Amino acid sequence: MSAVDTAQSAAPVSAPAMTKEELEELIREGVPLVGNFGIVVESLSAGTIRLRLPYKDDFVRPGGTVTGPAMFGLADVALYGAVLSLIGRVELAVTTSMTINFLRRPPPVAIIAEARVLKLGKRLAYGEILLFSEGDPEPVAHVTGTYSIPPHDPVTVAVSHYRVDEAP
């Protein structure tokens, strides 16, 4: 067992700062473009989230693959949700940078996003997102991004269970 495995298994489990329902409502109402995609929060914990983007004919581009903008929007809102799961409803947290690497052509099926915050500081959060075609264990895209966090109440939970000896 590696040191990371040991640290992860020994990490305290913290409840997310928002519920799945609160986050879904915020996505629908606060980010209406992506909110209209029909994204569902499948799971949420402090610093991690799993979202499902249901398949829609509107998301298919020529060649029969899911369009990049739909996948990018899903990735962006996934990192937003992962960050808010740690800091609570700080709506003015915004993307400062995001990079997507398309790894494989996704077929026209639902897309799953798994996001985690790797580093949470006072003003910035950095994380990664893997996108999968539903039912396929191989990722179709890898995304990294940074969010700017406006002043808010202090965060007291560990980030993604990487560092158990000190708070962010």
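Arginine 50 forms a salt bridge with glutamate 114, with the closest N and O atoms 2.4 Å apart; a salt bridge here is a side-chain nitrogen of Lys or Arg within 4 Å of a carboxyl oxygen of Asp or Glu. Arginine 50 lies in strand β2 and glutamate 114 in strand β6, so the pair ties together parts that are 64 residues apart in sequence. This is a predicted model: local features need pLDDT of at least 70, side-chain atom pairs count only at pLDDT 80 or more, and totals for chains, interfaces and linings use all residues. Residues are numbered from 1 along each chain as its sequence is written, and side-chain values use heavy atoms, leaving out hydrogens and water.

**The sheet**

- An open sheet of 6 strands runs in the order β1-β2-β6-β7-β8-β5, with antiparallel pairing; two strands pair if DSSP finds at least two bridges between them.
- β1 and β5 (94-102) stand at the edges with a single partner strand each, so one side of each is left without a neighbour in the sheet.
- Neighbouring strands of this sheet are turned by 15° against each other on average, direction ignored. Axes are lines fitted to C-alpha atoms, for helices over the stretch in contact, and angles run from 0 to 180 degrees between N-to-C directions.
- Helices (H or I, at least four residues) and strands (E, at least two) are DSSP runs, numbered from the N terminus.
- β2 and β6 (residues 111-120) pair in the antiparallel sense over 6 bridges.
- Within this pairing, arginine 50 stands opposite glutamate 114 in β6.

**Helices on the sheet**

- α2 packs on the sheet and touches β1 and β2; its direction makes about 130° with that of β1. Contact means heavy atoms within 4.5 Å.
- The buried residues of α2 (residues 20-30) are Leu23, Leu26 and Ile27. Buried means under 20% relative accessible area, exposed over 50%, and partly exposed in between (1.4 Å probe, protein chains only).
- Seen down the axis of α2, these buried residues fall within an arc of 100°, so they line one face of the helix. The arc is that of the directions from the helix axis to the C-beta atoms.
- On the other side of α2, Glu21 and Glu29 are exposed.
- The buried residues of α2 pack against α3 (32-35), β1 (40-45), β2 (48-53) and α4 (68-87).
- α4 lies across β1, β2, β5, β6, β7 (124-133) and β8 (139-148), running at about 45° to β6.

**Salt bridges**

- The whole structure holds 5 salt bridges.
- In the pair that opens this briefing, arginine 50 counts as partly exposed at 28% relative accessibility. Glutamate 114 counts as partly exposed at 34%.
- Arginine 52 forms a salt bridge with glutamate 134, the closest N and O atoms being 2.7 Å apart. Arginine 52 lies in β2 and glutamate 134 in the loop between β7 and β8, so the pair ties together parts that are 82 residues apart in sequence.
- Arginine 52 is partly exposed, with a relative accessible area of 24%. Glutamate 134 is partly exposed, at 38%.
- Glutamate 128 and arginine 116 meet through their side chains in a salt bridge (2.5 Å, N to O). Glutamate 128 is in β7 and arginine 116 in β6, 12 residues apart.
- Glutamate 128 counts as buried at 17% relative accessibility, whereas arginine 116 is partly exposed at 29%.
- Salt bridges that share partners join Glu42, Arg50 and Glu114 into one network.
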